[in-house]
Amino acid sequence: MLDVIDLTAAYGHAQVLHGLSLRLEAGRIHSLLGRNGAGKTTTLRRIMGLLPHQQGRILFAGDEITGWPTPRIARAGIGYVPEGREVFTALTVRENLTLAGRIGSGDWTIDRVMQQFPGLHPRLDAPAAVLSGGEQQMLSVARALMTSPRLLLLDEPSEGLSVQMTAVLRDVLVALRDQGMTILLVEQDVGLATKLADDVTLMSRGRHCWAGTAAEFAQAAGVRRRYLGA
Amino acid sequence: MTAFWTLQVLNALQHAALLFLIAAGLSVSFGLMGFVNLAHGALYMLGAFIGISVAAQTGFWVALIAAPLAVSAIGALLYLCLLGRVARLGPMPQVLVSFGLVFIATELVRIVWGDIPLVLDPSAALAGRVDLAGATYPVYRLFVICIGAAMAAALWLGVNRTNLGAALRASVENPGMARAIGIRTERMFLLVFTLGAGLAGLGGVVAAPITAANPGMAVSALIPALIVTVIGGMGNIAGAALGALIVAGIEVFGAVLFPAASAVLIYAALAVALIWRPEGLLVAKGAR
Amino acid sequence: DTTVGLMLPASGNYAALGQDIEDGFRMALQEAGRSNIRVIEADTEADPQTGLTLARKLIMQDRADVLVGVVSSAVLGAVRDVVHQAEIPLIVANAGNSDATGKDCSAFITRVSFSNDQLNRPMGEWMAAQGISSVYTLAPDYAAGQQMIAAFSDAFTAGGGEIVGGEFTPFGKTEDFGPYLAKAQASGAQALYVFYGGADAVSFVKQYDSFGLRDTLPLYSVGFLTAPLYLREQGTSAAGVIGALHYLPSLDTPENEAFVDAYQKAHPDTLPSEYVVAGYDAGRLLVGALDSGAEGRAALAAALPQVAYTGPRGPLKIDPVTNNIVQNVYVFETVEGPDGMTHQVLDTVEAVRDPPNGCAME
Amino acid sequence: MLSVERLGKSFGSVEVIRNVTLTVNAGERLVILGPNGAGKTTLMRLIAGEIAPDTGHIRLDGQDVTALPPDARARAGLGRGFQTASLFESFSIAENLILAIAARMNGARFGRDPLKSHDLRHRARAAARQVGIADPDAPVASIDHGTRRRLDLALAMSGGAKLLLLDEPASGFGPGGAREIHDLIAGLPKHLTLLVIEHDLDLAFAIADRIVILDAGGIAHEGPPSTARPVLRAIYDA
Amino acid sequence: MFRLDAMRIVLLVLLLAGMQVFAMLGGFFGQEIVAEIAILAILAISLDLAAGFGGMVSLGHGAIMGVGAYAYALAGQHGLTPWPAALTAIAASGVTGGLIGAVSARMQGIFFIMATLAFGQMIWAFTFSARWLGGDNGMGGIARASLPFSDLSQPMAFANYALCLLLAVFLLAAATLSTPFGRSYQAVHDNAARAAAIGLAPRRIRITGFAISSAIAGVAGILAAQHMQFISPAMMFWTTSGEVLVVLILGGIGTLTGPIVGAAIFVTLKYWAAGWTDHWHLVIGALLIAVILAGGRGITGEAERRLRHAFR
Ligand SMILES: Nc1ncnc2c1ncn2[C@@H]1O[C@H](COP(=O)(O)OP(=O)(O)OP(=O)(O)O)[C@@H](O)[C@H]1O
Ligand SMILES: Nc1ncnc2c1ncn2[C@@H]1O[C@H](COP(=O)(O)OP(=O)(O)OP(=O)(O)O)[C@@H](O)[C@H]1O
Ligand SMILES: [Mg+2]
Ligand SMILES: [Mg+2]
C-alpha cells in the first residue's frame, strides 16, 4: 500500500530523517514507535507533503506520490490525524467535517462518524475552539475519516482521551482495518499500539531500527528496552 | 419635512451601498484570508479610472462590466506575481507591500490620467430623477442602491451557501492541515483575491459618476472601508453590509443632526464599537 | 545672475495647480528673454513641514535671491517667519490666506494671486445688490473655507441680505454632498453660496446638478468652483453657476487674447487657468523688478511692490500698505458656448483692494 | 489551601460545571478523573482565573480570590500547566524558565536584565534538569512535542508555586517518558499541593491521595483511590 | 526578543558616525536632513517599542507625537523655558498614550490598529479645528532648547544635538527592554495566557509599555517642533503614522536599529528622488516591495540574518 524508500527530511539545517524506509501492507495496522524526537511526526508530515521534498521516494497504491502537493496526496486517499489535533478552531464541528467531506467519496457522512463518536453529537454546531481536549481529538479523527481515505495516518490519536474513549478509538480502528483500510499509527501508549498493531516498526534518531510483526515485537523485550526504555 | 427625511434615508442607503462595495472585498480578504490588503483602495481607484476611459470609448454599460473585469485581472496578476508570495510572510510584510502598491498605483494613475479630477457620465437611462414619497431623487443613486443590495445578496449566498467561507477560514488558520484534507488553498486564495479586486473595481466605476475620480482616492477610500470592516466584523458579508449601513447612517445623519461634530463622529463611533465589542459587532462565525 | 526658488507642489493633491503655476511662470521668463535667471524647483507637496524644510534649503543652501510659489495656505503660514527673518522676497502665486497680507503681513511677502477676502467680499456685495435676500452657505471645514465664507457673509449681510444657514463639511473626507444639498434645499434659502476646489469642485457641481436644484436653488460660488481647470469635466452640469474670479480665459482684452494665444501654442486645446496667470504674473513682477535694476534680496524686496502693468487679467498693481495685489474681480456666469462650457462676464468690480486688516509693516 | 464553593459555569445554554464544591488541603495530591468533556479543564480554568464563574466562590489560603485575575492568583502561589503546552515561543527553554522565576520575584521592575543574571540562569537550568530536559539553550521553536510538555510542566512549577494545577501532565510523553513523569510528579516535594487532571489511571492511582471523579459537570465521586475503581467502572461502562 | 549584541552596537555606531559625517560634509541641507532623520528615527524607535516588542501596531503615533509637539509649544507660550517645557510635553504624550493604551490594551491585531487610528484621528480633528491652537494653519515661533556650550540655532549644532538625542533614546529603549519589566513586556507579547499564568499582569504591562513608547514619541515631537520652530496638524494625520510604520518595517521591526536605517533611507530617498522625478513615490513604493521580496525581515533584519550566517 505504502512504500517509503530512503526518505530524508530537515528543518532548516537540522537533518531529522536520515534515509528512512517503511513498507505497509494493505489492510493492516502498522505501528511506528520511537522515543520523543525520533522523527515519527516528521515522517508522517513528510508523507503528507507538508515538508519540502528532499531525497527518497514515496509510493502509494502503485502511484509515485513523491513531491506531489499536499491536496493531491489527500485526494489520492491518504487521511491524516496530526499530532496536537489541529482542528480548525475558527470553524464549527460541522464545518470541520463537511469541509473534509468535500473530497470524500461519500461513504463517510456526518451521521456515520457521529455513530462512531457519539460524544461529539451535541457539540456539532459549537466552534471547535471550545471543545475539550478529548473532544477535539475525536473531531480530528472524524475529520480524517470524512475524506474517505484508503490509508489513514494517525499521530498520537489517544493523547488526551479518557480510558473509555481510548477503547472506543481502538474499536474504531480495528473495525476500519477489518473493512480494508490501511492504518499507520504513531502512538506513545505502547500498550495500545502493540495491542492493535499487526506490524511494528521502531525508529530512532531518524532511522529505521527494527521491524517485524506484532507477535515478534512482543517477544523482543531487548529491543523494546533498548529503543523505548520500556 | 417627510420629503427631507426620505431624501436623507435614501442618501444613507446610497452611501451604504458604495461603502459596502468597497468594504466587501476588503472584508473578505481581511477576515477570510487574513490578508491586510491596503492596496484595496488602489484597486477601487483603478476601477474608477478604467471605467472612465472605457466609457469614453464605448459608453457606460460596457464600462460597468469591463472595469471590474479589468481590475479583477489586475488583482489576479498581482496575486500571482507578488501578493501570493507575500501572503505567507505575515501581516507586516503585507502592510508594507500593499502600501508600496498604493504609492505605485497612485503615481501610475497620475502619469496616465493626470492630476485633474475626472467624472463618468452615467447612461442617459439613469440620468434623470424620480419622485419618491414627495422627494425628488436622482435615478442613478437609486441604481447604486440596487447594485449594492444585489451584490450583498449574491455574495452572502456565495459565501454562506457554499463551503467557500469555511474553506477560507480553515486555510487561513492552518494552511498545512487544510491542504491535508484536500483543500487547494492556493487556487482558492487566488479566486477570492480576484473576486475582492473585482468588487473594488465595481465600487470604483459605480462611484465615479457621483464622486470625481482623483489620484488621492486610493488612500481616502481606504479608511472608511476599514472602519466598515472592523465595525461590521471581519470576513462576514452580513457584517460588511451592517457595517456599511451603520457607518453611512452615522455619516449622513451626523451631518444632518450634529454637523459640528461630524468630522469626529465616525471615529468616535469606531472607538465606541471597539470598546464595546473589541472584535467587531458580528464576528465571523466560530471565531471566539 | 538671479536665483529663484520655485516652491510648488509637484505631487499630492495640488499637483495640477503647481504645474499650471510653473507653466505660467516660465512663460513670463521666456517672454522677457532673460537667460540669467536660474530656477531651482522644490516639491513642497501640501505639507507645511516639507515646505518649510525646502524653503530653508533654498534660502540657506541655494542662496536664492527670491522665492516664488506656495499653493497651500498652510505652507505659507509655515514659511512666513523664515522668509521674514531671512529678509528674502517671496512672491506668493496662490495661497490666499487673507492674514498673510493682513495681520501677518511682511515687507518681504508680495502676493500676485488673490486674497480670500478679495474674491468673496465683492461677491457678497454683488449678490445683495442683485436683490437676493437669503443664502445658504457650504464650504470645507478648514481655515480657508471659514475665511471665505466669513468674508462673503459679512459683505452680504452688510448689503442687507440674510444668511439663513450654512455648514462646514469635514475637510478632505466629504465626497458625497447629498445630505448637505438636502439640508440646503430644506433651508428655504433663495440661493446657495459655496466654496470648493479640486475634486470636490467637480463632484459638488455634478451632484448639485443630479439633484435637480438648479431651478429652485441657484448656485453661486467663489469662482474656483467652475474654474477652467474643472470646467471640461463638469460639462453642462455647471451651466448657470455664478461666481467671481480675478481672471477668466474668456476675458475680452487684447492683453488676454495675446496671452491665451501664446499659452495655446504650448498647450493646444487648453485654456489657461487663473493659476497659469498667477504664475505668469509672478514672473512678470520679478522681471519688472529686475528691469528696474534691482539685484539681490533687499533690493528686489523693495522693487517688487513698485511694479504695475496691465496684464491678461487687466490692470494690476501692488498695494504698498499690505503688499497684496490690487486687481479687478469679474463676476461671471458659466454658460454653454459654441465649443464647450465657457464663462460670460456679468459684471466687473474694478481695482479691488483689501483693507489693511491690521497689517503694519516694519 | 484551596476551596471551591458551589461553583457553577455555563457556556450559552450548556451547563459545564454544576454546583461543584471541593476542598484541597495543603500538601494533598488530588487527582481529577472523568470522561472527555466532563468539565475538568473548565474547572481548572475557573480555579486559575482564566474564566469567571457564574456562581460560587474560590478561596486560596482562606482569601477569596474569585474576582482576582489569573496573574494575581499566580502571584498568590498558583502554578498552572496547560493541556496543550503554552510556551514563550520566541525565547529559549532556559529563558522561558527565567521569565517564570523572575515573574514571581518581587523586586525592582526596572533593574538588571534577568536573562543575564547568573543566579537565575543557574536556577533555570536546574528547573530544566528536574523535568529531564537535556539542552536548555535550545530555542523553543525547534523542540519536539515531548520536550514542549516537559517545559510546560517546568514553567508551572518554577518560581515557588505552592499549588500546582496540572492538566494531563503525562500526555504526549513517550513510553519511557511517561514513567519519568510519574516518578517526577510522585517525587515532588511534599509541601507542594497538587491538583492534577489525568486520563492515565496508572499515574492517577500512583500519585493520588484522593480522587475526584467529575462527570457531566458534577462531582460523581470523591474519596481515597481505593474507593474510586468501582465508580469509574460504572461511569465508563455506562 | 531583544538582544543588544555586538553586531547591533557596531551598526548603531556606524550609523551615527555616518550621519555625523554626512552633516559635516553635506552643508546646510545635509544638516537639516540629518536632523529630520533623527526625528523620524526616534519616532520609529518609539513605534518599534510598541509594535515590534509589544505587538501593539499603532496608527496613532503621529498624533501622540503631535501632542508632545503642541504641548511643548503651548508650554513655551505660557512662559516655560525649553527644558521644563520639554518635560511637560513628554508627560503629556506619555499620559495620552497611557489613556489610549488603557482603553485599547485588551484589543488585538487589526482591532488595536483601528482603535489607535480612531483616537489618533480624533486628536487630529480636534487640533485641526481648534482656533486657539492655530487650526490647520499651525503655530509658529517655537523656541529651540538652549545649551551652555553650543548654539542650537546653528544647523550643525542642532544636527549634533538631534543625533545625541537619538542615541539617548536608543540606549533608553534598549535598556528598558532589558529590565525585568522589558522582559515581561516581551513575554506578554509572545504569549499572554502563559504570562498571566506565571504571574505577569498582561494588561497593565501592555499599557505601561504603550505609555513609555508614547513618551518617546513625545520626544520626537519636541525635537520636530524645535527643528521646524513651527508645527501644524499635518503631523498628526494618520498618514504620518502610516509612513512611520513603513519606515519601521522597511528598516526592520523588532530590531531597534532598524528604525534608524529605515529613517535614513526614507528621508534621503525622498529628497534625492524628488530631485529628479515628480513621481518619487513610485520609487519608494518599488523599493518597499523589493525589500520585502528580499526576505520580509526589513533591511536590518535581512542584513543581520546574512551576517549571522556568514559568521557561523
Ligand atoms: N519545526 C521544527 N524546527 C526544527 N526542528 C524540529 C521542528 N520540529 C521538530 N524538530 C526536531 O526534529 C526532531 C524530530 O521531531 P519529531 O516531532 O518528528 O519527533 P517525534 O518522534 O514525533 O517526537 P514526539 O514523540 O515528541 O512527538 C526532533 O529533534 C525535533 O527537535
Ligand atoms: N468556551 C466554551 N464555550 C462553550 N462550550 C465550552 C467552552 N469551553 C468548554 N466547553 C464545553 O464544556 C465541556 C467541558 O469542557 P472541558 O474542556 O472542561 O472538558 P474536560 O473535562 O477537560 O475534557 P477532556 O478530558 O476531553 O479535556 C465540553 O463539552 C466543551 O465543549
Ligand atoms: Mg511527534
Ligand atoms: Mg481537558
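The model is predicted, so local features need pLDDT of at least 70 and side-chain atom pairs count only at pLDDT 80 or more, while totals for chains, interfaces and linings use all residues. Residues are numbered from 1 along each chain as its sequence is written, chains are lettered from A and ligands numbered from 1 in the order in which they are written, and side-chain values use heavy atoms, with hydrogens and water left out.

**Chain contacts**
- Seven pairs of chains are in contact, and chains B and E share the most contacts.
- Chain A and chain C do not touch, their nearest C-alpha atoms being 36 Å apart.

**Ligand 1**
- The site is shared between chains, because residues from chains A and D surround ligand 1.
- Ligand 1 is surrounded by 18 residues (a heavy atom within 4 Å), and A:Gly37, A:Thr41, A:Thr42, A:Glu83 and A:Gln188 are the closest.
- By class, this shell has four nonpolar, nine polar and five charged residues; Ala, Val, Leu, Ile, Met, Phe, Trp, Tyr, Cys and Pro count as nonpolar, Asp, Glu, Lys and Arg as charged, and the others, Gly among them, as polar.
- Oxygen atoms of ligand 1 lie 2.9 Å from a backbone N or O atom of A:Lys40, 3.0 Å from a backbone N or O atom of D:Ser142, and 3.1 Å from a polar side-chain atom of D:Asp144.
- On its own, ligand 1 has 630 Å² of accessible area, of which the protein covers 80% (Shrake-Rupley method, 1.4 Å probe).

**Ligand 2**
- Ligand 2 lies between chains A and D.
- Oxygen atoms of ligand 2 lie 2.5 Å from a side-chain N or O atom of D:Thr42, 2.6 Å from a backbone N or O atom of A:Gly134, and 2.7 Å from a polar side-chain atom of A:Ser132.
- The protein buries 89% of the 640 Å² that ligand 2 exposes when taken alone.

**Domains of chain D**
- Chain D is divided into domain 1 (1-77 + 162-238) and domain 2 (83-160), with bounds from an automatic or database domain assignment.
- The C-alpha centres of domain 1 and domain 2 of chain D lie 24 Å apart.
- In chain D, 16 residues of domain 1 are in contact with 12 residues of domain 2.

Methods: A polar contact is a pair of N or O atoms within 3.5 Å; within protein, one must be able to donate a hydrogen and the other to accept it, and residues adjacent in sequence count only if both atoms are side-chain atoms. Contact means heavy atoms within 4.5 Å.
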